[in-house]
Amino acid sequence: DLYKFDPFMFLSLPVPNTKQSCKLDNCLASLFKTEYYDGKCWCCSKCGQKADMERTLNISRLPNTLMIYLKRFEQDMYGRRSKVNTFVEFPLKDLNMSSYTSVKNQDWKYNLIAVICHSGSIDGGHYTAFGSRDNYWYHFNDQDVQQCTDANIVCQEAYLLFYQKEQEDSKTIGRAEKQIYEQQLQIKLLESGLQRELDSHRNFNKKLVLLAEHDVWTIDEVRAITAEYRAVIAEERAINAEQRASNAEERAKSAEKGAANAEKGATTAETIAIDARKHAKDVEAKLRGCEQSIKHYEVSASTAINKAAASEQRAVVAEKRANAAELVSAAYERKAIAAEKKASDAVKKAKANEQKAIAAEKRATV
């Protein structure tokens with residue numbers, strides 16, 4: 001058998017979504033019913049083999065004030081939420097929780113002391129409350145408070161129920177509850193896993209055995225053993241605190257070493273920064289020299305550009321003059337050709353005149 005103890009603040013009871021009314025005992029029975037699982041769904045944590053399992057929920061110790069939450073809001077498989085408006089009948093007095101506890105031979109009866117109601121839907125609504133004081137019931141609706149009767153308490157809008165445990169006439173605790181208390185004490189010590197607490201528990205376990213021989217266990221005895229158990233826990237916590245303090249001291253020392261190393265690193269970084277600033281100044285001076293050289297080269301380049309522009313202009317003028325000279329030369333060449341032509345014509349005329357003169361002379365001779 002495997003047991004797991006979990007503390008709870010309130011009982012969350014499922015409410016069937018039907019048009020018919022149901023009783024609070026039905027909701028409690030639905031929560032505490034035994035669930036069965038076959039070997040395909042569950043694997044034993046001890047042997048590691050698959051086996052059938054039964055899961056049962058019960059209460060080991062009930063509180064003086066019991067809060068019951070009726071689950072009136074649900075969500076389907078498509079994510080749509082809705083409110084369950086089923087009318088749940090709940091008792092005003094003598095709510096017996098004995099069948100849902102580990103202590104079966106003792107009555108756990110509760111009386112209703114307050115109810116919180118929700119009217120409206122899932123999208124919006126209003127909260128009101130009923131409260132009991134001096135055997136009178138009152139209805140609280142915002143700032144409006146009115147006295148009411150018992151018939152108004154059990155209503156369809158009930159959402160949260162508050163029950164108060166009936167006061168016992170005897171100031172003793174029965175043998176069954178004593179055994180449950182002893183089991184819980186042992187389980188807490190075993191779950192802690194601390195050998196020192198187990199040894200301390202064995203020291204006063206004799207008192208538990210002696211008390212178990214009697215029919216009752218008084219509240220003073222319970223308080224004494226509880227105080228002793230708390231003292232053991234407090235001592236163990238003190239030891240743990242000392243250990244944590246020692247660990248904190250070691251961490252502080254490590255932090256101091258880290259701070260010293262950080263300081264050294266800061267000093268080294270400062271030295272590097274100083275060297276870097278010196279190097280930056282040298283680089284800045286070099287950059288200034290480079291800038292001056294660049295300015296000088298820019299002036300020289302500007303002068304060269306101006307000279308090139310003047311040379312280009314002179315070349316253009318020279319080209320124009322050369323073109324004009326070519327034109328003049330061409331004109332002179334044409335005139336020379338014309339003069340040569342005239343000279344050739346004059347030679348031809350002279351030869352012709354000479355032949356004529358020779359012919360005239362021959363004729364004169366004849």
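Author: Two strands pair if DSSP finds at least two bridges between them. The model here is predicted.

Reader: How many bridges join S5 to strand S14?

Author: S14 covers residues 158–165 and runs antiparallel to S5. The bridges joining S5 to S14 number five.

Reader: Which residue in S5 is the bridge partner of Leu13?

Author: Strand S1 (residues 11–14) and strand S5 (residues 65–71) run parallel. Four bridges join S1 to S5. In S5, Leu13 is partnered with Leu70.

Reader: Is Thr101 buried or exposed?

Author: Thr101 sits in the loop between strand S9 (95–96) and strand S10 (109–120). Leaving aside neighbours within four places in sequence, Thr101 is in contact with Ile59, Leu62 and Trp108. The cut-off for buried is under 20% relative accessible area. Thr101 has 1%, so it counts as buried.

Reader: Which residue has its backbone oxygen 3.0 Å from a polar atom of the Thr101 side chain?

Author: The side chain of Thr101 supplies the polar atom. The backbone oxygen, 3.0 Å away, belongs to Ser98.

Reader: What is the relative accessibility of Arg80?

Author: Arg80 forms a salt bridge with Asp76, with the closest N and O atoms 2.9 Å apart. Asp76 is partly exposed, at 32%. Arg80 counts as exposed, because its relative accessibility is 54%.

Reader: About how many helical turns separate Glu284 and Arg288?

Author: Their side chains meet in a salt bridge, 3.2 Å from N to O. Glu284 is partly exposed, at 40% relative accessible area. Glu284 and Arg288 are four residues apart in helix H4 (residues 219–365), so the separation is about one helical turn.

Notes
Residues numbered from 1 in each chain as written. Predicted model: local features only at pLDDT ≥ 70, side-chain atom pairs only at ≥ 80, totals over all residues. Heavy atoms only, no water. Helix = DSSP H or I, 4+ residues; strand = E, 2+ residues; numbered from the N terminus. Buried < 20%, exposed > 50% of the residue type's maximum accessible area, 1.4 Å probe, protein only. Polar contact = N/O pair within 3.5 Å; in protein donor to acceptor, adjacent residues only side chain to side chain. Contact = heavy atoms within 4.5 Å. Salt bridge = Lys/Arg side-chain N within 4 Å of Asp/Glu carboxyl O.
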